[in-house]
Amino acid sequence: MNFHSLLLLPFICLFPFFSLANNQDSLAIFKEKKLSEQHLFIKERLNSAKDIQLYITVFSNNATAQKDTLHIAKSYYFKYRFFRKVKVYAKAHTAIDKAILLAKHSKKDSLLGSFFHAKGATFFIQSNYKDALAYYLKAYDVMRIKGSVANRLALEFDIATIKLRVRKTEEALAEFDKIIHSYDSLLTAKSNSRFLRIRFIKILNNTAKSYTKEAMYEKAIALYTKSLLLNETTNYLSGKCIAIGGKGNVYTFEKKYEKALEKLNNALEISTVNSELHLITPFLLLDKGKCLFGQKKYAEALKVFAETDSIIQAKQLNFLDLDETYRFFAKTHVQLGNHEKATAIYDQYIERKNLNADKRFELYQTIFKGYDLKNVEHRAEEATKASNLFKSYFSKAILVITVLVIATIIFFLYDRNRQKKKFAKFHALIAELKAKEVNVTEIQPKGYVLSDEKATKILHNLETLEAKLFFLDKKYNLSTLAKKCNTNSSYLSKVINQYKEKTFSEYMIDMRITYVLNALKNDKKLRSYTIQSIAEEIGFKKSESFAKAFKKRTGFNPSYYIKSLEKL
């Protein structure tokens, strides 16, 4: 230790004492404040102060001593927020239930709506979307009559987020834009409210994420930039980390890997040193792994995906957006030649994906029966006040919604079952192609041994021509092929029918489809061609006839096969 360090030592030792003393002074000052001032103090610092639980306890004790039911209810809400933040969800539910009970007893509808919303938010965090929506709808019933504009906008945003989860994309994005516009106006009127700024940052970040998923990258970057600009006067660490990482996510999708890695590493520097941001880290690592994979740095990518997996397993995370970890984890193992490991991980990905598909379906049913139906009921109630057409309007609306619900459920079930069958067929086909590749390398063709010497020669000639991929040449028809095989059209047709068990046309189509299945599987460049170009490449004149032949052979369209290959 040098001389300068020795001089500083007494001050370093005294620093914790001064910090503690200042903290105690601050708490002492807080105790002397009025309940309304204490409430505002905690509300403004809920997301940032590390020692906020001490203040909540003082606030709760003061409210209880003064028998102020309203502030007791708010103290339970603050306790709920604290327990939710530290992921103690059982205690969070208990605290908000007490707050709800007091709000009902006091007949404070504006508070009751906020508390219902809060309870729903906890269920949402736990991926229990059905119960989340149920409480959002309870809040919606209260807030459409009473409640602050800010709270109603936050609730509408959360309901729009659920709509996005069930792929009502256009409607959800339109609602996001409307909410952002309303929040701009609200903040102009209440520019000093840190609480509103934090809530707006969350809305901007979540909307930007939604735009990213819809490949609307410019809008996403603009919203993340707006979020970071707002954060300069707010210092909301979680929001800052998410916005920086969000930009990295956008650049990852755009394949601007160097730019993406810079942002992602900046965000990781924030999230990895702040325990309260630990849930952000796996999402940042997933994007970082995808960047490294895109740069073909497979060994580095594998380490990052392994780290992401360890966090998911340790914290038992079940977020839909983290499922992709396992698809890329498997793809990386394939690139490194670890095929058995890749298969095991891919199975894990499919299992998670199917589980979450069931959650989406449950949501799809609920959202039609809940939120949209309640909107119809509300519109019907408004119509009653204006005219006597209520019964006709309401019954027709209910009938339309019911028909839509039934039709949607039937379609969803049918589509999901169809997709599963197609998926199974695709993997069976890939397994068959791989097995044939192995057989070709291990077993040499033995040729034909037939009693008809002339037919034997023709079949040998066909085998030679097949090896040269004659069937890809459009000029070949029955006549030109017969000349190549030193025979006539009639006899060649008879040989193909008898020994290949196909007509000449079926034989040519089968050879072309077999070839293209393997070619697409092994040649990524070919997969980037249009369907028409691929069809012409293998001897078809029209893409329609190629697609028809492909589907007849495999059970699905060429485009589905190509997309599925990209996911392997």
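**Reading loops, burial and helix packing**

Guide: Glu501 sits in the loop between α21 (489-500) and α22 (504-522); helices (H or I, at least four residues) and strands (E, at least two) are DSSP runs, numbered from the N terminus. The model is predicted, so local features need pLDDT of at least 70 and side-chain atom pairs count only at pLDDT 80 or more, while totals for chains, interfaces and linings use all residues. Residues are numbered from 1 along each chain as its sequence is written, and side-chain values use heavy atoms, with hydrogens and water left out.

Visitor: What is the phi of Glu501, and is the residue buried or exposed?

Guide: Glu501 has a positive phi of about 60 degrees, although it is not a glycine. With a relative accessible area of 69%, Glu501 is exposed (buried means under 20% relative accessible area, exposed over 50%, partly exposed in between; 1.4 Å probe, protein chains only).

Visitor: Where is Asn235 found, and what is its phi?

Guide: Asn235 belongs to the loop between α11 (217-231) and α12 (237-253). Its phi is near 55 degrees, a positive value in a residue other than glycine. Asn235 is exposed because its relative accessible area is 61%.

Visitor: How many disulfides does the count give?

Guide: A disulfide is a covalent bond between the sulfur atoms of two cysteines. The rule asks for a pair of cysteine sulfur atoms within 2.5 Å, and the count here comes to zero disulfides. Cys241 counts as buried because its relative accessibility is 0%. Cys291, at 0% relative accessibility, counts as buried.

Visitor: At what angle do α5 and α6 pack?

Guide: Two packed helices are described by the angle between their axes and the distance between the axes. Axes are lines fitted to C-alpha atoms, for helices over the stretch in contact, and angles run from 0 to 180 degrees between N-to-C directions. Helix α5 (residues 89-106) and helix α6 (residues 109-125) pack at about 160 degrees, their axes 9 Å apart. Therefore α5 is roughly antiparallel to α6 (under 35 degrees is roughly parallel, over 145 roughly antiparallel, 65 to 115 roughly perpendicular, the rest oblique).

Visitor: Which residues of α5 and α6 meet?

Guide: Contact means heavy atoms within 4.5 Å. Among those in α5 are Tyr89, His93, Ile96 and Asp97, and those in α6 include Leu111, Phe115, Phe116 and Lys119.

Visitor: How many helices and strands does the protein have?

Guide: Its secondary structure comes to 26 helices and zero strands. Of its 568 residues, 44% count as buried.
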